[in-house]
Amino acid sequence: MTDVFLTRIDSPIGRLEIRSDGEAVTALTIERGGSLPHDDLPDRSCPVLETATAQLEEYFAGARTSFDLPVRLTGTPFQQAVWAELARLGWGEAISYGALAAAVGRPGAARAIGGAVGANPVPIIVGCHRVLAGDGRITGYSGGEGVPTKQWLLGHEAIGFAA
């Protein structure tokens, strides 16, 4: 693990593990099946993680609609472009995979977009839960317990979706 700082917090969608290199948030993982990737390591916080914890707690309480955190997203240039578009979405806004593909100059690349969305290292902070199928359906979610986690996040932000 290249991140040297780590903290965990409880949330309505399960425990969250937030990692940092000391300057930026580098990863956020939502608990799946009762475990997190680094449950064997002790918490080691830093100012960035303290700020991230406070902002995530405010988000889950409904008191925060955007994040003001330094993040360091490591990925391919294509993934970086997708994540940059996701970061532009605000509270309560959704986008389709097709519209996201067009926004990054890759119309017709919805499957590749799905892969990049699923590889987002900081879900919630960079709102990958805000991506839906063209008809408004939820087609999957790689965080936490999958679709139920995405449904909770969408409902929290009052984003409608098709059943």
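Is Ile124 buried or exposed? Select Ile124 in your viewer and take a look: with a relative accessibility of 0%, this residue counts as buried. Keep in mind as you click around that this is a predicted model.

**Stop 1: the loop between α4 and β5**

Stay on Ile124 for a moment. You'll find Ile124 in the loop that links α4 and β5. Its backbone has a positive phi of about 75°, although Ile124 is not a glycine.

Now select Cys128, which also sits in the loop between α4 (110-118) and β5. In UniProt, an unreviewed entry gives Cys128 the annotation "active site". That label comes from the record, and such annotations may be inferred rather than shown by experiment.

What does Cys128 touch? Leave aside its neighbours within four places in sequence, then show Leu86, Val117, Asn120, Pro123, Tyr141 and Lys150: Cys128 is in contact with these residues.

**Stop 2: helix α5**

One of those contacts, Lys150, takes us to the next stop. Select residues 147-156, which make up helix α5. Colour Thr149, Lys150, Leu153, Leu154 and His156, the buried residues here. Why do they end up on the same side of α5? They cover an arc of only 160° around the helix axis, so they share one side.

Next, show what lies over them. The cover on the buried residues of α5 includes β3 (25-30), α1 (47-60), α3 (97-103) and β5 (131-132).

Follow the chain past the end of the helix and select Ala158, in the segment after α5. Here is another positive phi in a residue other than glycine, near 55°. Is Ala158 buried or exposed? Ala158 is exposed, with a relative accessible area of 67%.

**Stop 3: the largest pocket**

Select Phe67, Ala87, Leu89, Ile125 and Val126. Among the 15 residues that line the largest pocket, these lie nearest its centre. The pocket holds about 200 Å³ of space. Sort its lining by class and you get 10 nonpolar, four polar and one charged residues.

**Stop 4: residues 7-73**

Finally, select residues 7-73. An unreviewed UniProt entry places the feature "domain: Methylguanine DNA methyltransferase ribonuclease-like" on this stretch. Colour by secondary structure: over residues 7-73 the chain is 21% helix and 21% strand. Then draw a line between the end C-alpha atoms of the stretch, which are 18 Å apart.

Definitions and conventions: Residues numbered from 1 in each chain as written. Predicted model: local features only at pLDDT ≥ 70, side-chain atom pairs only at ≥ 80, totals over all residues. Heavy atoms only, no water. 1 Å grid on protein atoms, 1.4 Å probe; cavity = no way out; pocket = protein on both sides within 12 Å on 5 of 7 lines; lining within 4 Å. Points joined across faces, edges and corners; volume = space filled by probe spheres on them. Nonpolar A, V, L, I, M, F, W, Y, C, P; charged D, E, K, R; others polar. Buried < 20%, exposed > 50% of the residue type's maximum accessible area, 1.4 Å probe, protein only. Helix = DSSP H or I, 4+ residues; strand = E, 2+ residues; numbered from the N terminus. Arc of directions from axis to C-beta. Contact = heavy atoms within 4.5 Å.
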